[in-house]
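Q: I have a structure open and would like to learn how to read its features. Could you take me through it step by step?

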Amino acid sequence: MARPFVLPGVLVALIAGHLLVAVQLQSQRVAMAQEREELGFLPPAAIRLLALDYRDLVADLIFSRTLSFHGGVLKRGEKIDARTWQAIYRRIDAASELDPYFVDPYYFGQAVLTWDAHMPREANALLDRGRRFRPDDWVMPFFMGFNAFYFLHDKTQGAAYLMEASRRPGSSPLVGLLAARLSSESRGTETAIGFLQELEAQTDDPGTKEEMKKRIGALRGIWVLEQAVEVYRDRFGSFPADLRELVKQGVLFAFPSDPYGGVFYLNDQGKVWTTSDLRPIKR
Amino acid sequence: MKHLWPIAKITFLEGLRSRVFFGLFIVALLLFSSTYTMSYLFPHDVVKVAVDLGLGITSLVGLILTLFLGTQLLAKDLERRTIHMVLAKAVSRSEYVVGKFAGLSLIIVCSMIVLGGFAAFASWTVDLLTADQYGVVHWPTFVLALSMMTLMFMLLASVIFFFSSFVSSTFLALGLTLVIYLIGQSVEELKHFLETGAEGVAISPVFLKIVTVAYYIFPNLAAFNFKTQAAHGLSVSLSDVVWPFLYGVFYSGVMIASAAWIFRRREFT
């Protein structure tokens, strides 16, 4: 072979080899990322040290990665286990610790940690930072009040947070009303509907609005059934064996439907709930 | 000190001719254009993220610029022996050092104006295209953050000069300054962490002493970080600004004076 062609030949061979390896590497990296689920994570104190001059940017980055991870899981229709929820929580918490004024981690935390992850305590721990660092933001104590009341069943604490929210600038007059209602009596579902209507009014994202409306619809169904069960108990002295009984006995004209596609039922404690667990049912 | 201005001017023009300079500006432009796509990934704090990105990129590019131009400008004269030509004229060595520093500072200020302008433009357009509920740019704190960042780079430049005055290789001066930068950015955080303590971690008092001493020796560069205040428009009191400003002036002053003093006693071969 003539000498002038050796080097170009080697170069072409190397480029071809490189392309082959790059494609292999890419698929291996994708497999690896799916395997470890991005769980390895440094404690916030270490991140603060390593973030140097870019703390806010690192906060944004951690948050956006968590957001897209969560979005990816939702898109694939996978279920998130408790361990992964913990990891998601740690990330949101780290992002908000790096930039405690950053609003997005709080909203995201409120949206997913409560209804989806069943971690209302963690949600409120997160929101408490927002409540302290954003003293003019009434939404933070409002969220906390809702979580205390609805998820943690602590009405006194819930009312206290709501009172705080109602005193902050820009809060809706309904917040004060809710606080008063919460501290006075025990109409749980009705209060929850009031909360959700307020939340829906605060939301401008059409997807979230739709979701809220669905949830309000489901809670309205529960509320109607709860009252019907009370009437039934007054009339017959016992809980109905089946909620359909309410229609059969003429207590209700029509059986409400769950917008999430579930069926309402009476649980062991005599409480009305739905098989959808207030989440869309996959068919 | 009548030779000060000519030296500063030559340094400034020499810096502008550097290829590093324009390469970095192109990189910066590309990075700034990412602001549009990046900030819209966030549901609420869109403008905040745009400001974070703008100031973060400015800080990163400014750092690289300061490190490379700073080490190049002084060390090149020494390595190429052009310093003999300058010192053969009736220019004192302290004049030379201070003049060079003034020239470099001028470059830093000009680059920060340009980079800050890019960052401001990117943030402003994002602000313009989003509704007010997704945040607004808080211009007074934005400008403050840029100014304090500029001062931080000038301080860093003075540290480069300090090392360059007795270290003979460009690479070594660059490495040492980079180490100072890393320590300076995190020493406050480390001190705070050790003082407040982590749960279940025993911290040796000797280590705490070492860190406390380090805190006073190394420049506390985190004190010049006003990016969070800029992104959220937090209120800044006069003393929040005055003390870091004076700190920057004095620290740079000490560094440059030491550099001039060492330089005067140095033997050139």
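Q: Leaving aside its neighbours within four places in sequence, which residues is Phe218(B) in contact with?
A: Contact means heavy atoms within 4.5 Å. On that basis Phe218(B) touches Ile180(B), Ile183(B), Tyr247(B) and Tyr251(B), once neighbours within four places in sequence are left aside. Before we go on, some ground rules: this is a predicted model, where local features need pLDDT of at least 70, side-chain atom pairs count only at pLDDT 80 or more, and totals for chains, interfaces and linings use all residues. Residues are numbered from 1 along each chain as its sequence is written, chains are lettered from A and ligands numbered from 1 in the order in which they are written, and side-chain values use heavy atoms, with hydrogens and water left out.

Q: Where is Phe218(B) placed, and does it count as buried, partly exposed or exposed?
A: Helices (H or I, at least four residues) and strands (E, at least two) are DSSP runs, numbered from the N terminus. Phe218(B) sits in the loop between helix H8 (205–217) and helix H9 (227–232) of chain B. For accessibility, buried means under 20% relative accessible area, exposed over 50%, and partly exposed in between (1.4 Å probe, protein chains only). Phe218(B) is partly exposed, because its relative accessibility is 22%.

Q: How is Ile64(B) described in the same terms: where is it found, and what is its relative accessible area?
A: Ile64(B) belongs to helix H3 (residues 46–79) of chain B. Its relative accessible area is 30%, so Ile64(B) is partly exposed. The C-alpha atoms of Ile64(B) and Phe21(B) are 9.7 Å apart, while the two residues are 43 residues apart along the chain.

Q: How do I read a helix pair, and at what angle do H2(B) and H5(B) cross?
A: Axes are lines fitted to C-alpha atoms, for helices over the stretch in contact, and angles run from 0 to 180 degrees between N-to-C directions. Angles under 35 degrees count as roughly parallel, over 145 as roughly antiparallel, 65 to 115 as roughly perpendicular and the rest as oblique. Helix H2 (residues 19–39) of chain B and helix H5 (residues 93–129) of chain B cross at roughly 20°, their axes coming within 9 Å. H2(B) and H5(B) are therefore roughly parallel. Among the residues making the contact are Phe21(B), Phe25(B) and Phe32(B) of H2(B), and Leu115(B), Phe118(B) and Phe121(B) of H5(B).

Q: What is the make-up of that contact by class?
A: Ala, Val, Leu, Ile, Met, Phe, Trp, Tyr, Cys and Pro count as nonpolar, Asp, Glu, Lys and Arg as charged, and the others, Gly among them, as polar. The contact of H2(B) with H5(B) has 14 nonpolar, 4 polar and no charged residues.

Q: And how do H6(B) and H10(B) meet: at what angle, and with what handedness?
A: A crossing is left-handed if the near helix is turned anticlockwise from the far one by less than a right angle, and right-handed if clockwise. Helix H6 (residues 139–164) of chain B and helix H10 (residues 238–265) of chain B have axes that come within 8 Å and cross at roughly 20°. H6(B) passes H10(B) in a left-handed crossing, whereas H2(B) passes H5(B) in a right-handed one. The H6(B) and H10(B) contact includes Met148(B), Leu151(B) and Phe162(B) of H6(B), with Phe245(B), Tyr251(B) and Ile262(B) of H10(B). By class, it has 16 nonpolar, 4 polar and no charged residues.

Q: How many helices and strands does each chain have?
A: Chain B has 10 helices and 0 strands.

Q: How do I judge whether a chain is compact or spread out?
A: The radius of gyration is taken over C-alpha atoms, and the globule rule is 2.2 Å times the number of residues to the power 0.38. Chain A has a radius of gyration of 26 Å, well over the 19 Å that the rule gives for 283 residues, so it is more spread out than a compact globule. For chain B, a compact globule of 269 residues would have a radius near 18 Å, and the 20 Å of the chain agrees with this. The C-alpha atoms of chain A fill a box of roughly 105 × 45 × 30 Å along the principal axes, and the C-alpha trace of chain B spans about 65 × 50 × 30 Å.
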